[in-house]
Amino acid sequence: MPKNISIEQKRLQENYTKNKKWLKWGPYLSERQWGTVREDYSAGGDAWNFITHDMARSKAYRWGEDGIAGISDDKQRICFAISLWNGKDAILKERLFGLAPAYGNHGEDVKELYYYLDNTPTHSYMKYLYKYPQSAFPYTELEQVNKSRSKQEPEYEIIDTGVFDDGRYFDVFIEYAKNKEEDICIKITAYNRSKNKAPITLLPTLWMRNLWSFGLEKEKPVIELISENKNISEVRITDKKSGAYSFYFQKPEKILFTENETNYERLYQVSNESPFVKDVFHDAVVSNNFNLFQNKKTGTKCAPFYRFEVNGLDSITIQLRLSKESPEDPLGKDFDEIFRCRIQEADRFYDQIITTKDEDLKNIQRQAYAGMLWSKQFYFIDIPDWLRGDPGQPVPPQERWHGRNSNWLTLNNEDLISMPDKWEYPWYAAWDLPFHCITLASLDAQFAKDQLILLLREWYMNPYGQIPAYEWNFSDVNPPVQARACLQVYKIDKKASGKGDTLFLERVFQKLLINFTWWVNRKDRWNNNVFEGGFLGLDNIGIFDRNSVPGGGSLEQADGTAWMAMYCLDMMEIALELAQTNKAYEDLATKFFEHFIYIAESINQIHTGAGGAWDEEDEFFYDVLRMPDHSIIPLKVRSLVGLTSLFAVEVIDKTLLKKVPEFYHRLKWFVKYQKKNERFLAIETSKNGDILLSLAPQKRLEKVLKALLDEKEFLSPGGIRSLSKIHEQPYKIHINGEEFGLRYEPGDSESYLFGGNSNWRGPVWMPMNYLLIKSLEKYFQFFGDGLRVEFPSYSGNKVNLETVARELGERLIGNFTKGHTGERKINGWYDLFNKEDHFKDLILFYEYFHGDNGRGIGASHQTGWTGLITEVIRKESM
């Protein structure tokens, strides 16, 4: 812990130890609530069509809210976000637009330009940028052109439409600064980037989440006008559970009120009980007819209405404040001072976190951290209630009781969770979230630990020990990376605080034991320590959907087995850490050590009738298809499936062994016993007594590394590819008379597997590269300069594995940094992004990266696991 901790760090301490509520308010609104499973009540689970983008403005949501640059309280009872109108569109810009899968040639995709510029862990200061075209927003053009394109063609992006040419757009900055926990100053600034005058209408909107229409509460909250004067207006929220809040804003042209209730007439051709429905502001503003609102002074949705003509290259600013306090002069002289202080404190906080001296790298890290913190979201679903339906609402179709997620009756989530991407993936994902926590640990270790604990709690993990995957199918199986994340977060926190949180480790360890047992009992079909798991988060990496194996066979997965080997080593390491203060954990450390040895023995067999994934001729690990007649078919695809074998590595320092004598005694006995029985041993001992446990023994490790570091295979300019480039020549195989195959696809997916919006057949993925780097560092810890490899392979340039790890890190970073000509690889061919003053320093954190040129692909705001680039930069800066 730094000697002089920052004010922001003090706020964190107050939040967790002194009952202060600094996290009561934050960026907890989703950026897309429509098209989600939790809002879907259709018979067949057609979530994207049950509530579309076009319906969203008129439909009161059941489980959450969405908005642009929005905030809410931690239970999302009160919400605030910005709405805009450029004078051209048929609707207000109230939420981000994107394509449903039926329109996107590579699946769902947001078609907006927006950026997370800054955020602190307590959300004491936040800054968001939305780029709003001055011409009509090209909704129809984006849908029609993308729908007409094939999977072999690139996506048609909003920048391709020309609406941002010649600066014909507004940069709309939304900033928040907390004076106290529930006293929030808000500033909205719109810059006209064109040389010509342009109109813009702003409606900063305050509303209540609708709980009354669904029978969740009898007493309806109210937002009512309190006062209007020359300079400032006030409305007040009265809510039984939230208490009273005042919303202050500089004098608008009008103050509009309505109810956050469904427009049944527009959606379902049923008469409304009142004209004051959710979408009434849209018609009023676009038609410039406000007669309906003349006597309306209360509601559950409210927006001050500001209309501006902004001169070319000029800007306008409006000030607002949401507060439980009663400030004497809410928008007075202290307003700007609050912002100045919070920005200064944010800078001070990040000065202690970001260690690099390079200004470009500082900018990349700062925006990555901002994205991590902006991606917190209130997530709410109760499966029994969701299946049953609500009082006063139509009874859901009975088919749903046998449909999606119907067997997850113990799942009841109502929490703040770090999301992968709040538009593209506005739901938690069991194997994304652990990676998020590694990055978040440097900012707010307690939040990271709480997130890891959360997924293991009884209202998430089912009674059998399975962790819910994601809302589209909670029963899907994702890689078991939770234990690895718990270890990393523990170590980051221990290094920063000087003390290890062993209570946290014990809490997660007990629950991980249950999950580990689920894996062993459910995914080792033949009880031979070779594991299945299905697609395991790698979508289209197989030659067929790995959840549906052809020919009635079973798929013995090299990656499933490697993940479980890694799980064993992670659990062993946790147990050894805890055993230093509680000897009872030595027994469990022994259990996981021995289980690892058994798994290593199984995967290293050479395609025998007993199984095995290692191919001696090809010098690589492959999946093996076991047919009903027990014959085996190796699937010789060179991909991350085989490279996951490198993740299962651990070094036990000799000094640690002295602290756990019972474990060390049993280890030595077990090694001796295995040798006596001529069994495979994945263990090596150095001259100084350190022990290496590795799924890939040294000779096989060197062979796998040769492929890993071959520029004609996995090594790309921007990191390690997910599929070897040798598969530019398609791989094909016949199974039961049916042909299956794949080929190297470095960019967008050309496959329809899992919706086709993710591609594991060539691109570079940040979390897998991060794990590879961490593994290489561990191998170096054991081998030092005793193991040197060619980098790149066949170059004659021999280096140790620490250097390899550093070189890989530099390649990943190089995707984001400015090159010699000022261009960033992630921006691809778009000159506007690379050269225009108001774009060139803005960073998007894409889901994955082109396997040949590093261009960003997929979800454009997946800071979640792509935020790991901050950890790579931190390591490279040391």
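These are my notebook entries on a few spots I looked up in this structure.

**Entry 1: ground rules**
I am working with a predicted model, where local features need pLDDT of at least 70, side-chain atom pairs count only at pLDDT 80 or more, and totals for chains, interfaces and linings use all residues. Residues are numbered from 1 along each chain as its sequence is written, and side-chain values use heavy atoms, with hydrogens and water left out.

**Entry 2: confidence**
I checked pLDDT, the predictor's confidence in each residue from 0 to 100. The protein chain averages 96, and 99% of the residues score at least 70. Helices (H or I, at least four residues) and strands (E, at least two) are DSSP runs, numbered from the N terminus.

**Entry 3: helix α6**
Which residues of helix α6 are buried? For residues 280-287 I noted Val280, Phe281, His282, Ala284 and Val285; buried means under 20% relative accessible area, exposed over 50%, and partly exposed in between (1.4 Å probe, protein chains only). An α-helix has 3.6 residues a turn, so residues three or four places apart point the same way. The buried residues of α6 pack against β3 (78-85), β10 (198-208), β14 (254-258) and β16 (301-310). Just after the helix, asparagine 288 takes a positive phi of about 55°.

**Entry 4: cysteines**
How many disulfides did I find? The count is zero, taking a disulfide as a pair of cysteine sulfur atoms within 2.5 Å. For cysteine 79, the nearest cysteine sulfur belongs to cysteine 302, 14 Å away. For cysteine 437, the nearest is that of cysteine 486, 8.1 Å away. Cysteine 79 is buried at 0% relative accessible area, and cysteine 437 is also buried at 0%.

**Entry 5: histidine 436**
I found histidine 436 in helix α10, buried with a relative accessible area of 0%. Beyond its neighbours within four places in sequence, histidine 436 is in contact with Met372, Ser418, Met419, Pro420, Gly864 and Trp865; contact means heavy atoms within 4.5 Å.

**Entry 6: aspartate 421**
Aspartate 421 sits in the loop between β19 (412-418) and α10 (433-440). Aspartate 421 is buried yet has no salt bridge, which would be a side-chain nitrogen of Lys or Arg within 4 Å of a carboxyl oxygen of Asp or Glu. The nearest side chain of opposite charge, arginine 32, is 7.6 Å away (Lys and Arg count as positive, Asp and Glu as negative; His and the chain ends are not counted). What does the side chain of aspartate 421 reach? I noted the backbone nitrogen of glutamate 424, at 2.9 Å.

Methods
A polar contact is a pair of N or O atoms within 3.5 Å; within protein, one must be able to donate a hydrogen and the other to accept it, and residues adjacent in sequence count only if both atoms are side-chain atoms.
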